[in-house]
Amino acid sequence: MQKYTTANAYLSIEKVSKRYEMMSGDQYRQYLTDNGSAVKPGWDDQVNMDWQKEIMRTAITQNYYFNTGGTFNRTRYDASVNFSKREGIIQTTRQKKMNMRANIEQTFLNEKPMLGMTVNRQISDQDELPEPNHVYRSMLTFVPTTSGYHADGTYIEDIDRRDRNPLALIDQNRKNAVHKTMFGSVRLRWDILPGLVFNSTLSYQDYQYNESTYYAKDSKLALGKTGKRSVRRMRIRRRSLKIT
């Protein structure tokens with residue numbers, strides 16, 4: 001009887017190496033003053049907002065792996081689990097993945113017949129930005145003189161502007177995508193005579209995709225609507241039998 005076990009884990013950190021240099025709040029106020037203008041009333045909180053810093057973060061990735069297997073008499077087996085959790089650079093984005101795999105093989109008689117089975121399960125759960133270009137543009141162009149909030153705590157917005165409040169964009173608009181895959185196979189190999197081998201494989205695959213996109217009732221990406229939600233689902237199943 002032989003047996004082995006492996007386990008490992010790691011942690012990594014990811015951050016933006018270089019950001020675009022944009023005007024600070026003070027520089028923007030001075031620029032307007034020099035050109036005979038001023039910050040729009042209600043949009044000057046006497047702050048120096050760096051919107052890139054506000055919505056981006058140092059992202060942490062965790063990964064864990066476990067594997068075990070061995071042999072017992074005429075049986076060989078192997079099983080593993082891998083789990084990872086990754087934060088996105090943009091706040092509210094992240095991804096979780098899990099991969100589970102098991103394989104077993106059994107021989108009989110004089111070890112010429114061999115029966116094997118494999119099962120593999122993968123799951124990915126990801127929170128994304130439904131319209132990322134709006135976020136990327138707005139974190140560079142939204143005015144740096146406001147904190148992003150009105151006195152009552154609601155997000156400050158101007159529908160006549162081409163950009164949007166970056167804080168509102170990542171808070172009021174969400175997208176989640178889940179991928180699930182199941183694969184299984186049963187294999188039979190029989191060395192009947194020298195040069196005469198029988199092989200058969202019965203396999204099954206099930207793939208599912210579920211996507212949900214949500215816009216809050218105050219979202220400026222869904223103007224004129226009291227919120228918006230869309231759902232998309234897909235499922236594919238395959239079965240096959242191969243004999244050689």
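**Reading pockets and a helix face**

Q: What kinds of residue form the lining of the largest pocket?

A: The lining divides into 11 nonpolar, 4 polar and 5 charged residues, where Ala, Val, Leu, Ile, Met, Phe, Trp, Tyr, Cys and Pro count as nonpolar, Asp, Glu, Lys and Arg as charged, and the others, Gly among them, as polar. The model is predicted, so local features need pLDDT of at least 70 and side-chain atom pairs pLDDT 80 or more, while totals for chains, interfaces and linings use all residues. Residues are numbered from 1 along each chain as its sequence is written, and side-chain values use heavy atoms, without hydrogens or water.

Q: How much space lies in the largest pocket, and which residues are closest to its centre?

A: A pocket is an open set of points on a 1 Å grid over the protein atoms alone, where a 1.4 Å probe fits, with protein on both sides within 12 Å along at least five of seven lines; lining residues have an atom within 4 Å of a point. Volume is the space filled by probe spheres set on the points, which are joined across faces, edges and corners. Here the space is about 340 Å³. Of the 20 lining residues, Met22, Met23, Ser24, Met49 and Pro144 are the closest to the centre.

Q: Which residues of helix H1 are buried, and where do they lie around its axis?

A: A helix is a DSSP run (H or I, at least four residues), numbered from the N terminus, and buried means under 20% relative accessible area with a 1.4 Å probe, protein chains only. In H1, residues 25-34, Gly25, Arg29 and Leu32 are buried. Seen down the axis, these residues fall within an arc of 65°, so they line one face of H1; the arc is that of the directions from the helix axis to the C-beta atoms. After H1 comes Gly36, with a positive phi near 70°.

Conventions
Buried < 20%, exposed > 50% of the residue type's maximum accessible area, 1.4 Å probe, protein only. Helix = DSSP H or I, 4+ residues; strand = E, 2+ residues; numbered from the N terminus.
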